[in-house]
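Student: Can we go through this one together? I'd like to start with the strands and then look at single residues.

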Amino acid sequence: MIGDSVTLVAPFAGWLAPLDSVPDAVFAERMMGDGFAIDPVEGLLRAPAAGEVLSVPATAHAVTLRLDNGAELLLHIGLETVALGGKGFDARVEAGQRVAAGDPLIAFDLDAVAEAAKALITPVVLASEGYVLTLDATGRLVEAGASVARIARAEPREAARAASVDERFEREVIVAATHGIHARPAARIAAALRPFVAEVALVAGDRRANARSTVALLGLGVTSGSCVRIVGAGADARAAVEAVAELILSGLGEEGAAAPAAPAIVTQGPVCASPGLAIGQALQLHAADQAVPEFGKDAAAERAALDTALAGISARLAGARGAAAEIAEAHRALLDDPELLAAANAQIATGRSAGFAWRAATVEASAAIRATGDALLMERVADLKDLERQVIAALLGTAEASIPALRPHTILIAEDLLPSQFLALDTVNLAGIATAAGGPTSHVAILAASAGIPMLVAAGEGVLAVADGTPLILDADAATLTIEPGPEALAETSERLSAVRERRAREAAEAHAPCRMADGKRIEIFANLGSVTDAAAAVAAGAEGCGLLRTEFLFLDRATAPDEDEQRETYSRIAATLGERPLIVRTLDIGGDKPVPYLPMAGEENPALGLRGVRLSLARPDLMRLQLRAILRGVPAGQCRIMLPMVADLGDYRPVRTLLDEVRAELGIAEPVQLGVMIETPAAAMLAGQIAREADFLSIGTNDLTQYTLAADRGNAAVSQRVDAMHPAVLRLVREVGKGAAAAGRWAGMCGGLASDPLAAPILIGLGITELSATPASIPGLKAVVRKLDMNACVALAEKACDAASPAEVRALAREALA
Ligand code: PEP
Ligand code: MG
């Protein structure tokens, strides 16, 4: 040992190879750490250096050691040898024992193991962070005891960075210094960061600068009163970001600094956009804009070129299938948009090239959308950007976006991702996606969910600092991204992944049988739908019906309102796809966070509290009548149930009941059609018993009920952690609904997001919910959980949950009960 450097000797005679040559991605891609491999020619593994044995599994196929400089080493004889159950292996040491270099660790039967295992090649992996391994020349035969590598402590900065870049933190502050960030304040920021190892950047608008670089900070041109985001990634990111924030808020040491105009905002962590778990390596997607000439040939030629490009893309989009088809349809509508075309043609008329004109038109349209500040519309900006790139690529005759070839187990990282970029990805090798920006309801999130790719959005700018090839664990369910996980986390996650795969296969095999609890009580498991494609997926996943058809989703991206025949045709296709299964059609829930272009509404100060859902339908009985006619004509009466959104009391229900009966009479439909009420307002929950005496059924929309109960906007990222439907206050309202429905002899179901959460199922059932309408993908898992439940236990759990003090307490109770 020289200082902190330890020499490693070959643990047996064999062929020394780089880790990359191991035919197992976990080792080859250094998910566990750096190291080397030896293909043994003898059956005795010896200590490569002096140290302490940390562990030897019962199967004796591997051993971990702590060397004298503190570095931990894993020696894994062969690949997938755990499956041999210890056969052929004989451990010569035990945990806690000290060994010298060359001491025997594990003896093994070379021939027997070679025959039974996937491979004999033995990875030797440096499993601790903060050290570097230097490997001698590989590709040669070595004797046992020959020097092969050295392990030394990394430089302090490198070590700390290697130790954990999974801490990411960001904060927004208003710059109080009178002259903004000029030379002296910039130097102070850089100096303040010296004690820290984290990478820290300042982001102002669309500019970003390394906060350790005075020159880069000056380039930001930040003036007093501007808002800057401080973004950190690294072992001490939070402390580093806080130090810079404090410095900026205190006026950067400048005289006469103004007090901050607004309080600092701590941004929230990542948000799950598509559930799932993945292990992989980072790949940053940098899609640069292609340059276009400003001026073109003559206007007629440029116009013709644009028309050809648009037609070509439209034709290509027409070929999209599955979930992609609906998004392609929305894109085709944008390609045909008269305003967009008029704006592009106006540019061409001034001599601009087709590419320049198209970019200018899409940029202008995006700016107009951004100016609305509407989170849902903001996602259309991504669609426009996507089409900008596609059309320009077609005009230039170049390859579209710079989508890289993916290596197996890639976790793609991007500022944001466009639907066409997603569709160009090789999803076989794509393990997961994390975007710095983006929203969980974007088109790309829908695509990722339908392709079964876990995805996190709003992960913050810190993710953009992660180097390509960095090992990652993306746990979308837990909304975490772990950067450079340790070997234990990797091993634990890969075990979880295998268990998830096995469990899913078992659940899918059982998903088509009707769902009953262990004590025989029937619980209906239905699906939420927003398209014909969803209906097919729901049937395939074992849905017993549709508990919520969001009809506004069918016609969201359109410039004109769908007429009666078009609506009837769509409803009838969904009904046919569901076969005999019941179909609950919700009347249009427009307004609030779901505006539609074909029904412009006056601006509202609080749209969530404004003219939305049934309120709008009552204000526009013409639209309501047309939709009821289309539903009754499209869905067979025996299959059809209708449901009203955003009801507060019977005053919202009775006029629709009258209208429905009139429309039924008009169409000569004698059979009664059930009309139910969504419980989405605290008012409706408190009046559930009264409402249920007239309504045919109740279905709780927890997404809205939660935002109204907790006074926390479901679309506002700053309060997103508060919008938690497992809150005891929300559960108490669910209890009111369960009781009210039972007293009136009606059923109460749930179609809000909470219904898809298997952890919530025992509580909801205990509160009297007998129908759960969930996302198609969650149905098999939900059925599996419900089948194990017993009503008495659910009732007891539900009561405890209502008495809990926080959603976290409720979850802990549910976990305990399900365990
Ligand atoms: C709800 O609010 O829970 C619900 C199901 O309706 P939406 O999410 O469409 O508002
Ligand atoms: Mg709702």
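Tutor: What follows takes up a sheet, a surface patch and a few residues of a predicted model.

Student: Sheet first. In what order do the three strands of the open sheet come?

Tutor: The order is β1-β14-β12, and the strands pair in the antiparallel sense.

Student: Which strands stand at the edges?

Tutor: Those are β1, residues 6–9, and β12, residues 131–135. Each has a single partner strand, so one side of each has no neighbour in the sheet.

Student: And how much twist is there from one strand to the next?

Tutor: The average is 25° from strand to strand.

Student: What holds paired strands together in general?

Tutor: Strands of a sheet pair through backbone hydrogen bonds, in a parallel or an antiparallel arrangement.

Student: Back to β1 and β14, then. Over how many bridges do they pair?

Tutor: Four bridges, with β14 covering residues 147–153.

Student: What stands opposite V9?

Tutor: S147 of β14 does.

Student: Changing topic to the surface. Which residues form the nonpolar patch there?

Tutor: W15, V41 and L141 form it, and together they have about 340 Å² of accessible area.

Student: Where does L141 lie?

Tutor: L141 is in strand β13, which runs over residues 140–142.

Student: Why does L141 count as exposed?

Tutor: Its relative accessibility is 61%, and exposed means over 50%.

Student: Now D475. Buried or exposed?

Tutor: D475 is buried, because its relative accessible area is 8% and the cut-off for buried is under 20%. The residue belongs to strand β25, residues 471–475.

Student: What does the D475 side chain contact?

Tutor: The side chain of R496, through a polar contact of 2.9 Å.

Student: Next, backbone angles. What is phi for A60?

Tutor: About 50°, which is positive although A60 is not a glycine. A60 sits in the loop between β5 (51–55) and β6 (62–67).

Student: How accessible is A60?

Tutor: A60 has a relative accessible area of 6%, so it counts as buried.

Student: And what about phi of A479?

Tutor: Phi of A479 is near 55°, again a positive value in a residue other than glycine.

Student: Where is A479 in the chain?

Tutor: In the loop that joins β25 to β26, the latter being residues 480–483.

Student: What does A479 count as in terms of accessibility?

Tutor: Partly exposed, because its relative accessibility is 22%.

Key: Residues numbered from 1 in each chain as written. Chains lettered and ligands numbered in written order. Predicted model: local features only at pLDDT ≥ 70, side-chain atom pairs only at ≥ 80, totals over all residues. Heavy atoms only, no water. Pairing = 2+ DSSP bridges. Helix = DSSP H or I, 4+ residues; strand = E, 2+ residues; numbered from the N terminus. Axes fitted to C-alpha atoms, helices over the stretch in contact; angles between N-to-C directions. Patch = residues over 30% accessible without salt bridge, like charges linked within 9 Å, V, L, I, M, F, W, Y side chains within 5 Å. Areas by Shrake-Rupley, 256 points an atom, 1.4 Å probe, with all protein chains shown as cover. Salt bridge = Lys/Arg side-chain N within 4 Å of Asp/Glu carboxyl O. Buried < 20%, exposed > 50% of the residue type's maximum accessible area, 1.4 Å probe, protein only. Polar contact = N/O pair within 3.5 Å; in protein donor to acceptor, adjacent residues only side chain to side chain.
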